[in-house]
Amino acid sequence: MTPALRVSGLAKSFGNVPVLRGLDLEVPSGSLLAILGASGGGKTTLLRLLCGFERADAGTIAIDGIVADGTVDGRPVHLRPERRRVGYVAQDGALFPHLSVADNILFGLSRAGRRDRRRADALLELVGLPSAYAARPPQALSGGEQQRVALARALAPGPRLVLLDEPFSALDAFLRVGTRRAVADALAQAGTTALLVTHDQSEALSMGDRVGVLRDGRLVQVAPPSELYRHPLDGRLARFVGEATLLDGEALGGIVTCALGRLPASVPVPDGRVEVMLRPEQVEPGAADGTPATITAISYYGHDASLTLALAGQDAVLLSRIGGTQALGLQVGGQVRVAVRGPVVAFPAGPVP
Ligand SMILES: Nc1ncnc2c1ncn2[C@@H]1O[C@H](COP(=O)(O)OP(=O)(O)OP(=O)(O)O)[C@@H](O)[C@H]1O
Ligand SMILES: [Mg+2]
């Protein structure tokens, strides 16, 4: 099946500063790809290129198999934004304050479409808001509700693709979780293909069918969330997607030896010097036969807690995540014995590309 979006070799510089350097991606129809990237990494630039607001220096963008940017029969193509059928939920949501919620939703439609109140009601329902909101001004809605209206507006013209630019970053933690769910459900129900960009790893992992990591102007890894978290490509990526401790070690025959003992590797690794990745939830204090460590900090979150630990003779700070109750008896400066649960991922040591 033709992917709803296919991008290849996309490049864009501002002045002589390259932002995107030959980016490739594919989004299968009806799925959501979340792109995780640092601030200033080019996420908004990518979306603006896909919308047609900016022009790429090189590369091809095809939406539902139709070239929007690139060349066709040797001739350059740059489809105008309104001909791409791409919905865009901008970083700030940006509803029109002088229009009602319904008029905001129907804004991008033809004159007849803009009078279709039933359509506004149906879209409100799709994003999980009551139809009574239709007549309100956007200011009378919470931030999360406004973001859902912005999504309803993007969905109204029946786009082939919806782009979401950090749509939840302005919301508080509680509202963010609920709004993420509501938006993911609305997109799935409408069967819409979507691309979401964010610097928030929990947003990317919880919303994406697949997650791509944008680094140095390219997608360096694209995988389902659990695969990306469990098997990142290298140590730098391990730290970018979730927390991780990296310890020096030595691999021999699928077993790695490091400051925490001999551990089985979960994926094949060549013999020799390695970096061993430990996720905090793998590092368990309170193991009778574990390695001695000193607690240097405790952050208590209620449901769970995170510890930082120092190992004798090691520079690396060891991170551990434990249940909230388990943390109650522990104190900074206290000694614990730590063991590693489950197999570990090891990366061949050497310069990170
Ligand atoms: N129109 C422009 N002219 C010049 N430089 C630009 C322009 N737009 C973006 N840039 C630069 O390109 C880089 C990428 O910007 P972009 O807005 O795409 O990043 P981002 O990943 O969306 O960041 P954030 O997470 O902070 O929103 C930045 O260094 C930015 O200053
Ligand atoms: Mg941005």
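Trainee: How many residues lie between strand 18 and strand 19 in their hairpin, and which residue in the turn has a positive phi?

Mentor: This is a predicted model, in which local features need pLDDT of at least 70, side-chain atom pairs count only at pLDDT 80 or more, and totals for chains, interfaces and linings use all residues. Residues are numbered from 1 along each chain as its sequence is written, chains are lettered from A and ligands numbered from 1 in the order in which they are written, and side-chain values use heavy atoms, with hydrogens and water left out. Strands are DSSP runs of type E with at least two residues, and helices are runs of H or I with at least four, numbered from the N terminus. Five residues lie between strand 18 and strand 19, and G313 in the turn has a positive phi of about 75 degrees.

Trainee: In which sense do strand 18 and strand 19 pair?

Mentor: Two strands pair if DSSP finds at least two bridges between them. Strand 18 (residues 304-311) and strand 19 (residues 317-323) are antiparallel, with seven bridges; A305 stands opposite I322 in strand 19.

Trainee: Which strands pair with strand 4?

Mentor: Strand 1 (residues 5-14) pairs with strand 4 (residues 58-63) in the antiparallel sense over five bridges, and L5 faces I63 there. Strand 5 (residues 66-72) is also antiparallel to strand 4, over three bridges, with V67 as the bridge partner of A62. Strand 4 and strand 5 form a hairpin with two residues between them, where D64 in the turn has a positive phi of about 50 degrees.

Trainee: Which residues are around ligand 1?

Mentor: A residue belongs to the shell if one of its heavy atoms lies within 4 Å of the ligand. Among those around ligand 1 are F14, V19, Q91 and E166. Helix 1 (residues 43-51) gives the most to this shell, with three residues.

Trainee: Which polar contacts does ligand 1 make?

Mentor: A polar contact is a pair of N or O atoms within 3.5 Å. An oxygen atom of ligand 1 lies 2.5 Å from a side-chain N or O atom of T45, a backbone N or O atom of G41 is 3.2 Å from a ligand oxygen, and a polar side-chain atom of E166 is 3.1 Å from one. By the Shrake-Rupley method with a 1.4 Å probe, ligand 1 taken alone exposes 640 Å², of which the protein buries 57%.

Trainee: How many aromatic pairs are there?

Mentor: Rings of Phe, Tyr and Trp (its six-membered ring) pair if their centres lie within 6.5 Å; planes under 30 degrees apart count as stacked, over 60 as edge-to-face and the rest as tilted. The count is two aromatic pairs. The ring centres of F96 and F107 are 4.5 Å apart with planes at 45 degrees, so this pair is tilted.

Note on methods: Polar contact = N/O pair within 3.5 Å; in protein donor to acceptor, adjacent residues only side chain to side chain.
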